[in-house]
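Here are a few friendly notes to read alongside the model. They go from a pocket to a ring pair and then to the core around it.

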Amino acid sequence: MLSDILYALAGGGLIGLAAGLFFLVNGRILGISGLASALLGRWPARWLENVLFFLGLLIGTALVARPGIALALGSPVRLAVAGILVGFGVRAANGCTSGHAVCGLARGSKRSLVATGTFIAVAMATVALAKVF
């Protein structure tokens with residue numbers, strides 16, 4: 001239980017640190033969905049920076065992931081479908097949790113406040129429904 005809390009605190013701290021450093025070094029707001037979607041569309045002038053950051057996310061995740069966690073979440077097909085659905089939701093919300101909750105709220109964005117509130121409310125409802133079923 002304590003190790004889970006420490007993982008969450010470390011992860012949150014690293015996300016905040018990455019967002020702050022990204023802004024200081026590049027003068028751009030860090031939004032993971034924006035970086036990822038830029039790789040799928042017309043590549044921006046800073047495409048190499050986006051590719052390296054995205055690869056860093058994948059490598060970092062692989063380094064700290066607990067063994068078997070992906071298998072506990074479901075089949076690869078189920079995970080892929082979930083990822084696609086999240087992608088559509090991110091585009092509809094004009095950003096992901098890292099873009100809205102970490103960076104948007106820090107900038108005082110009203111749109112990010114509404115988006116973050118919606119993320120939290122839907123997450124709470126999902127957990128409540130999951131416990132029922």
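1. Before the pocket, a word on terms: a helix here is a DSSP run (H or I) of at least four residues, numbered from the N terminus, and lining residues are those with an atom within 4 Å of a pocket point. Please keep in mind that this is a predicted model.

2. Which helix gives the largest share of the lining of the second largest pocket? That is helix α5 (residues 76–92), with four residues. The pocket has a volume of about 200 Å³, and its lining is made up of Leu-85, Val-86, Gly-89, Val-90, Cys-96, Thr-97 and Phe-119.

3. Now to the rings. The structure holds one aromatic pair. Phe-22 and Phe-53 form it edge-to-face, at 5.5 Å centre to centre and with 70 degrees between the planes. The pair links distant parts of the chain, as Phe-22 sits in helix α1 (residues 2–26) and Phe-53 in helix α3 (residues 47–64), 31 residues apart.

4. Are the two partners buried or partly exposed? Phe-22 has a relative accessible area of 7%, so this residue is buried. Phe-53 reaches 22% and therefore counts as partly exposed, because buried means under 20%.

5. Phe-22 also belongs to the largest nonpolar core, a set of five residues with Ala-19, Leu-30, Leu-35 and Cys-103. Beyond its neighbours within four places in sequence, Phe-22 is in contact with Gly-27, Arg-28, Ile-29, Leu-30, Leu-35, Glu-49 and Phe-53.

Definitions and conventions. Residues are numbered from 1 along each chain as its sequence is written. This is a predicted model: local features need pLDDT of at least 70, side-chain atom pairs count only at pLDDT 80 or more; totals for chains, interfaces and linings use all residues. Side-chain values use heavy atoms; hydrogens and water are left out. A nonpolar core is a set of buried Ala, Val, Leu, Ile, Met, Phe, Trp, Tyr and Cys residues joined through side-chain atoms within 4.5 Å. Buried means under 20% relative accessible area, exposed over 50%, partly exposed in between (1.4 Å probe, protein chains only). Contact means heavy atoms within 4.5 Å. On a 1 Å grid over the protein atoms alone, a cavity is a set of points where a 1.4 Å probe fits but cannot get out, and a pocket is an open set with protein on both sides within 12 Å along at least five of seven lines; lining residues have an atom within 4 Å of a point. Grid points are joined across faces, edges and corners, and a volume is the space filled by probe spheres set on the points. Helices (H or I, at least four residues) and strands (E, at least two) are DSSP runs, numbered from the N terminus. Rings of Phe, Tyr and Trp (its six-membered ring) pair if their centres lie within 6.5 Å; planes under 30 degrees apart count as stacked, over 60 as edge-to-face and the rest as tilted.
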